[in-house]
Amino acid sequence: MPAPAVPTSAMAVQVPLWHHYLQAIRSREAQRAQDFQRAENVLLTVLERVHALDPRFIVDYSRGLEAFQFALRSSEDPLDMEVPLWVDAEALLIEEPEATQPEDGPELCRLGVPREGAGLERWTTDDIFTASSEGDAKCRGHIVPSKVLCVLKDLLVAAIVHCKHHSLIRPGSLNAASLREEQLHLSLLVSSSWRTINFRVVPVVRRKLGAPALEGAQQMPGFPEGSLRRILSQGVDLVPASTQLWRTSTDYLLTRLLGELGSLQGHHLDSLSILDRVNHESWRDGGRTDGLTFGHLKTVLLWASVLFPAPEDWAELQGAVYRLLVVLLCCLATRKLPHFLHPQRNLLQGSGLDLGAIYERVEGFASQPEAALRIHATHLGRSPPPRIGSGLKALLQLPASDPTYWATAYFDVLLDKFQVLNIQDKDRISAMQSIFQKTRTLGGEES
């Protein structure tokens with residue numbers, strides 16, 4: 001007697017492991033966004049008091065993109081909270097020091113107050129200003145980053161005491177003892193639910209003018225039409241670079257570009273979330289060792305979006321992840337990760353990371369992703385005490401998947417576009433070709 005046929009409806013469709021892993025990550029996003037917003041509200045309450053004490057420091061309420069970016073992440077690296085200065089940057093004198101090589105880092109400058117300027121008197125007080133010699137006909141003196149940070153620290157302490165005394169912030173949500181004056185920022189630990197978020201409070205000068213060096217970036221493919229030009233036209237910020245110097249910062253622009261990728265069809269941001277989780281859990285041993293940051297991986301995604309601009313390149317989750325992996329392997333092997341808006345800068349230079357060891361981990365993941373794509377309770381939204389229902393138990397007992405590895409064409413395209421990544425060393429290119437040839441065989445392709 002033949003066995004009864006199994007109804008089609010009872011034949012459960014097995015979702016690939018990649019999608020299970022992504023589902024687990026997404027299950028945490030709403031909670032992470034809420035945690036960020038609670039912590040941000042605490043800090044904004046304190047900064048509102050700072051502004052009341054000293055109107056030179058204003059409160060930036062446009063933080064929606066930061067919450068969006070925090071929800072994408074698994075890593076717990078510090079977050080910047082920028083405190084804009086209430087000053088017309090275009091009325092200041094932007095004085096650049098002696099010429100440096102472009103690869104040395106961001107542009108550095110001093111912020112001078114002109115002698116003929118009007119309405120800048122509040123920026124010539126001794127607490128944040130150092131006067132120039134009488135022989136300088138144009139400049140009264142300079143706004144000094146270290147002095148600005150010192151004033152901001154004192155204001156934060158006073159504001160925290162005031163907010164606690166008037167019960168404006170929840171007891172234990174913020175401790176002034178965590179405030180440390182450092183060279184370039186002020187650290188504050190803010191509690192939100194069970195999570196503690198490390199904010200780096202940074203004074204910033206907003207500039208309306210963009211940087212000429214960014215003009216070439218406006219022609220990059222892979223982004224919605226006109227988005228790069230619109231975003232880059234918003235200008236760049238100046239943040240402390242040392243006790244005396246300021247530097248340009250494009251962090252906000254890069255976050256806006258990340259948001260533009262989120263508006264596209266495909267798995268751009270999903271691939272970033274997956275690699276950030278793998279990086280945190282596997283490559284950095286749960287955050288206990290140094291390694292790649294979310295900023296590194298975000299830059300890899302931005303470059304991958306340029307190298308692979310077609311919508312079909314991002315239509316399939318696993319293929320999207322491997323597009324990031326191939327760019328990341330290339331950068332690790334050549335020890336060059338160009339800044340997206342300033343390609344002459346190498347984000348891996350001076351990082352102090354063991355790039356060889358990181359490469360081995362990344363290549364190991366590319367060769368056998370199942371070992372890292374393991375889901376456990378900490379991947380999912382935490383709700384103490386944790387309860388594991390039948391649905392979660394099923395999610396934790398996933399079958400092994402049989403992934404198809406990236407196509408040969410991916411590598412051919414990348415090899416054709418090596419100049420985009422500013423790679424000129426023929427020996428390294430040859431080495432990468434060998435690596436790519438090796439990885440092609442992982443998916444069963446013949447060389």
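Arginine 63 is located in the loop that lies between α1 (17-53) and α2. The structure described here is a predicted model. With a relative accessibility of 5%, arginine 63 is classed as buried, because the class takes in values under 20%. When neighbours within four places in sequence are set aside, the contacts of arginine 63 are Phe36, Glu40, Asp80, Met81 and Glu82. For one of these residues, glutamate 82, the separation from arginine 63 is 19 residues in sequence, and the C-alpha to C-alpha distance is 9.6 Å.

Asp80, a contact of arginine 63, also belongs to the lining of the largest pocket. The volume of this pocket is about 1800 Å³. Its lining comprises 49 residues, and those nearest the centre are Asp80, Arg200, Arg247, Asp251 and Gly295. Two or more lining residues come from each of the helices α2 (64-72), α5 (251-262) and α7 (294-307), and likewise from each of the strands β1 (79-84), β8 (195-206), β9 (237-240) and β10 (246-249). The greatest contribution is that of α7, which supplies five residues to the lining.

The composition of the lining was examined by residue class and by domain. Domain 1 (16-249) and domain 2 (264-446) each provide at least three residues to the lining of the largest pocket.

Methods: Residues numbered from 1 in each chain as written. Predicted model: local features only at pLDDT ≥ 70, side-chain atom pairs only at ≥ 80, totals over all residues. Heavy atoms only, no water. 1 Å grid on protein atoms, 1.4 Å probe; cavity = no way out; pocket = protein on both sides within 12 Å on 5 of 7 lines; lining within 4 Å. Points joined across faces, edges and corners; volume = space filled by probe spheres on them. Helix = DSSP H or I, 4+ residues; strand = E, 2+ residues; numbered from the N terminus. Domains from an automatic or database assignment. Buried < 20%, exposed > 50% of the residue type's maximum accessible area, 1.4 Å probe, protein only. Contact = heavy atoms within 4.5 Å.
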